[in-house]
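Please look over the sequence and the model below before reading on. The text after them walks through the structure one site at a time.

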Amino acid sequence: MLSRRHLLALAPAAATGLFLSRADRPVSGLVAELAAQTPPAGPFSLPPLPYAVDALEPHVDAQTMTIHHDRHHQGYVTNLNAAVANRPDLRTRTLEDLIANLDRLPDDVRTAIRNNGGGHLNHSWFWTSMKKGGGRPPSAELGRAIDAGFGSLAQLQERLAVAAVGVFGSGWAWLSVDATGALVVETTPNQDNPLTRGHRPVLGIDVWEHAYYLKYQNRRRDYVDAFFNVVDWDIVQERWQATRT
Ligand code: MN
């Protein structure tokens with residue numbers, strides 16, 4: 001607990017001037033100021049990882065998993081909540097609804113929701129797209145659709161890997177269902193989601209450097225190839241089935 005005495009003691013050493021500027025205020029005023037900076041608690045929240053942080057080792061390392069989930073994903077949630085804090089009309093809508101209808105959002109919050117709502121949605125799906133002992137081929141029905149669209153699962157994975165490596169800067173590679181019901185490989189920049197273009201994503205690969213740099217450095221292709229060892233094709237199958245009803 002910071003006391004006024006502590007703040008005054010810190011003040012001479014504070015290089016930034018931050019403490020100096022606060023130390024001459026009453027502590028009660030400082031507490032109120034800090035409380036005002038506390039981000040809103042909802043309506044969106046960080047979903048817990050569906051496995052231990054080291055469950056996907058060695059393909060996804062525990063340190064990357066921890067930072068990626070606890071800091072990056074939490075950041076998107078925090079900023080999204082801030083964006084809708086004073087918008088009761090938006091706070092009650094689902095995340096998918098907001099992202100699918102970005103063009104109809106108010107101008108002053110559209111970019112924040114695009115970036116942070118997209119970040120929240122993309123990562124929420126990303127965690128559940130992986131599991132320990134993943135990588136087993138999809139069920140027969142999805143398998144046939146993949147064979148019909150891409151030749152084989154191996155060829156689909158190659159298409160996804162090439163797409164992922166080809167994303168310039170930060171973004172995602174996706175397996176999606178397009179407006180005609182066909183499976184397609186596509187990419188989006190930043191935290192954009194295929195929902196915004198009327199597609200239904202069933203698998204996304206995060207190719208932001210924060211997703212792989214600690215373990216793979218610049219070797220994005222190695223990270224993507226490792227990702228295929230932990231894909232939960234059962235979940236992908238469920239999402240794909242849901243697009244067909
Ligand atoms: Mn990410």
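This is a predicted model: local features need pLDDT of at least 70, side-chain atom pairs count only at pLDDT 80 or more; totals for chains, interfaces and linings use all residues.

What follows covers the metal site, the salt bridges, the cavity and some backbone details.

The manganese ion has four protein donors given by atom: His68 (NE2), His123 (NE2), Asp206 (OD) and His210 (NE2), at distances of 1.9 to 2.1 Å. Along the chain these donors follow the spacing H-x54-H-x82-D-x3-H. Histidine 68 belongs to helix α4 (residues 62–83) and histidine 123 to helix α7 (residues 107–128), so that this pair, 55 residues apart, links distant parts of the chain. Histidine 68 has a relative accessible area of 2% and is therefore buried. Histidine 123 is buried as well, because its relative accessible area is 0%.

The next topic is charge pairing. Side chains of opposite charge can pair when their charged atoms come close. In this model, a search of the whole structure finds twelve salt bridges. One of the pairs is arginine 114 with aspartate 192, where the N to O distance is 2.8 Å. Arginine 114 sits in helix α7, whereas aspartate 192 sits in the loop between β2 (183–189) and β3 (200–206); the two are 78 residues apart, and the pair links distant parts of the chain. Are the two partners buried or exposed? Arginine 114 is partly exposed, at a relative accessible area of 39%. Aspartate 192 has 13% relative accessibility and so counts as buried, the limit being under 20%.

A salt bridge also forms between glutamate 141 and arginine 244, whose closest N and O atoms are 3.4 Å apart. Because glutamate 141 lies in helix α8 (residues 140–150) and arginine 244 in the segment after α12 (233–242), the pair ties together parts that are 103 residues apart in sequence. Glutamate 141 counts as partly exposed at 32% relative accessibility, and arginine 244 counts as partly exposed at 48%.

Glutamate 158 and arginine 221 provide a further example, their side chains meeting in a salt bridge of 2.8 Å, N to O. Here helix α9 (residues 153–166), which holds glutamate 158, is linked to helix α11 (residues 220–227), which holds arginine 221, and the two residues are 63 residues apart. Glutamate 158 is partly exposed, with a relative accessible area of 36%, and arginine 221 is partly exposed, with 30%.

How many cavities of 30 Å³ or more does the structure hold? There is one cavity of that size, and the largest cavity contains about 30 Å³ of space. The residues lining the largest cavity are Asn122, Trp125, Phe126, Ser129, Trp174, Val202, Leu203, Gly204 and Arg239. By type, five of the lining residues are nonpolar, three are polar and one is charged. Helix α7 and strand β3 each supply at least two residues of this lining. Domain 1 (4–128) and domain 2 (140–242) each contribute at least three residues to the lining of the largest cavity.

Glycine 134 is placed in the loop between α7 and α8. Its relative accessible area is 15%, so glycine 134 is buried. The C-alpha atom of glycine 134 is 9.3 Å from that of phenylalanine 227, although the two residues are 93 residues apart along the chain.

The last topic is backbone geometry. Most residues other than glycine have a negative phi, and most peptide bonds are trans. Against that background, glutamate 57 and proline 58 are joined by a cis peptide bond, with omega at about 0°. Proline 58 lies in the loop between α3 (27–37) and α4.

Which residues have a positive phi although they are not glycines? One of them is asparagine 190, with a phi of about 55°. Asparagine 190 is in the loop between β2 and β3, and is partly exposed at a relative accessible area of 40%. Glutamine 217 also has a positive phi, of about 50°. The place of glutamine 217 is the loop between α10 (213–216) and α11, where glutamine 217 is partly exposed, with a relative accessible area of 29%.

Notes:
Residues are numbered from 1 along each chain as its sequence is written. Side-chain values use heavy atoms; hydrogens and water are left out. Donors are N, O and S atoms within 2.8 Å of the metal (3.2 Å for Na, K and Ca); water is not among the atoms, so sites may look incomplete. Helices (H or I, at least four residues) and strands (E, at least two) are DSSP runs, numbered from the N terminus. Buried means under 20% relative accessible area, exposed over 50%, partly exposed in between (1.4 Å probe, protein chains only). A salt bridge is a side-chain nitrogen of Lys or Arg within 4 Å of a carboxyl oxygen of Asp or Glu. On a 1 Å grid over the protein atoms alone, a cavity is a set of points where a 1.4 Å probe fits but cannot get out, and a pocket is an open set with protein on both sides within 12 Å along at least five of seven lines; lining residues have an atom within 4 Å of a point. Grid points are joined across faces, edges and corners, and a volume is the space filled by probe spheres set on the points. Ala, Val, Leu, Ile, Met, Phe, Trp, Tyr, Cys and Pro count as nonpolar, Asp, Glu, Lys and Arg as charged, and the others, Gly among them, as polar. Domain bounds come from an automatic or database domain assignment.
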